[in-house]
Amino acid sequence: MTTLTTTWWTDRRVRWSVLVAAVLLVAYVELLWVDAFPVGHHHTGDTNNLIAGARSALDCIDQGIWRNCGHDSGSPHTGVFHYPLLQYLPASLAILLGASDAAALGFLARLNVLAFGGCLTLIWLALRQRPRLAALGVVAVLASAATYQSTSAFGEMFAAFVILGAVVSIRARRTLLIVALTALACMAKETVPPFLVVLGLLVGRDEKRLLPSRRLLSAMFAGITLGVLCNFGFNQFRFGTFSNLLLTQP
């Protein structure tokens with residue numbers, strides 16, 4: 001009887017601890033949401049340039065220009081700028097929906113905060129069966145630069161969310177999600193593919209096998225290949241080369 005009573009109280013304390021932690025995290029994300037716009041750090045130059053680059057890209061597409069869009073010949077600079085392809089997707093969507101530059105900035109600032117909250121949610125979903133490890137993951141995010149990035153220039157937090165989503169999908173063995181999210185993760189940063197391979201091999205393998213299954217590896221490398229090809233195509237569009245000139249120049 002004493003053992004059952006102790007277990008009941010312990011379980012109850014754990015449930016209350018999880019509930020309190022969840023409420024505090026929601027409040028924390030809400031504070032970031034309030035700070036993100038209009039007093040957040042979204043006017044940092046990079047986000048403004050991203051929106052200008054998205055407008056230049058859409059103008060080129062309207063004119064049927066599919067190579068060297070805005071590129072200064074003999075220079076590593078382009079009017080579409082050097083930011084990763086994934087950043088241009090929500091920025092272009094906002095512009096296509098008729099948003100002004102200020103409204104697009106506000107939209108991207110909000111998306112940054114949602115990505116921050118999304119990272120915390122993904123950690124809980126992936127590790128909910130191991131609450132202590134999940135708590136450690138949440139603390140690691142809170143102790144990192146993520147809070148700053150969630151109210152700073154658009155891109156870093158969004159990239160972290162997509163990359164974490166790709167890793168969680170590999171861990172969950174969801175084939176279609178693996179293809180889609182690994183592709184998006186590679187579009188989030190052009191340097192991601194080798195790191196994603198290492199992370200995928202670590203989280204995707206079974207306990208009794210050194211490597212993940214052939215089906216999982218095929219899905220992972222299909223997504224990575226798709227993402228890299230999209231990056232190549234986007235660099236051809238804005239630089240006329242397969243590489244990002246501004247990043248590869250000394």
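With a relative accessible area of 33%, Asn68 counts as partly exposed, a class that lies between buried, which means under 20% relative accessible area, and exposed, which means over 50%, all judged with a 1.4 Å probe and with protein chains only. The structure is a predicted model, in which local features need a pLDDT of at least 70 and side-chain atom pairs count only at pLDDT 80 or more, while totals for chains, interfaces and linings use all residues. Residues are numbered from 1 along each chain as its sequence is written, and side-chain values use heavy atoms, with hydrogens and water left out.

**Loop residues with positive phi**

- Asn68 sits in the loop between H2 and helix H3 (85-96), where helices (H or I, at least four residues) and strands (E, at least two) are DSSP runs numbered from the N terminus.
- Although Asn68 is not a glycine, it has a positive phi of about 60°.
- Arg173, found in the loop between H7 and H8, is another residue other than glycine with a positive phi, in this case near 60°.

**Cysteines**

- A search of the whole structure finds one disulfide, the term being used for a pair of cysteine sulfur atoms within 2.5 Å.
- The disulfide is formed by Cys60 and Cys69, whose sulfur atoms are 2.0 Å apart, and the link is right-handed, with 90° about the S-S bond.
- Both partners are on the buried side of the cut-off, since Cys60 has a relative accessibility of 10% and Cys69 has a relative accessible area of 1%.
- Cys230, in turn, is in no disulfide, and its nearest cysteine sulfur is that of Cys186.
- Cys186 is buried, at 0% relative accessibility, whereas Cys230 is partly exposed, with a relative accessible area of 27%.

**Salt bridges**

- Side chains of opposite charge can pair when their charged atoms come close.
- The structure holds four salt bridges, each being a side-chain nitrogen of Lys or Arg within 4 Å of a carboxyl oxygen of Asp or Glu.
- One of them joins Arg55 and Asp101, with the closest N and O atoms 2.8 Å apart.
- This pair links distant parts of the chain, because Arg55 is in helix H2 (residues 46-62) and Asp101 is in helix H4 (residues 101-127), 46 residues apart.
- Both residues of the pair are partly exposed, Arg55 with a relative accessible area of 29% and Asp101 with 40%.
- Another salt bridge pairs Asp206 with Arg173, their closest N and O atoms lying 2.9 Å apart.
- Asp206 belongs to the loop between H9 and helix H10 (214-239), and Arg173 to the loop between helix H7 (156-172) and helix H8 (175-188), so the pair ties together parts that are 33 residues apart in sequence.
- Asp206 is partly exposed at 32% relative accessibility, and Arg173 is partly exposed at 30%.
- A further salt bridge is that of Arg238 with Glu190, in which the closest N and O atoms are 3.6 Å apart.
- Here too the pair links distant parts of the chain, with Arg238 in helix H10 and Glu190 in the loop between H8 and H9, 48 residues apart.
- Is Arg238 buried or exposed? Arg238 is buried, with a relative accessible area of 1%, while Glu190 is partly exposed at 29% relative accessibility.

**Helix H3**

- Nine of the twelve residues of H3 are buried, so this helix is largely enclosed by the rest of the structure.
- The buried residues of H3 include Leu85, Tyr88, Pro90 and Ile95.
- These buried residues pack against H2, H4, H7, H8 and H10, where contact means heavy atoms within 4.5 Å.
- The end C-alpha atoms of H3 are 16 Å apart, which agrees with the 16 Å that its twelve residues should span at 1.5 Å a residue; the expected span of a helix is 1.5 Å times one less than its number of residues.
- After H3 comes Gly98, whose phi is positive, near 90°.
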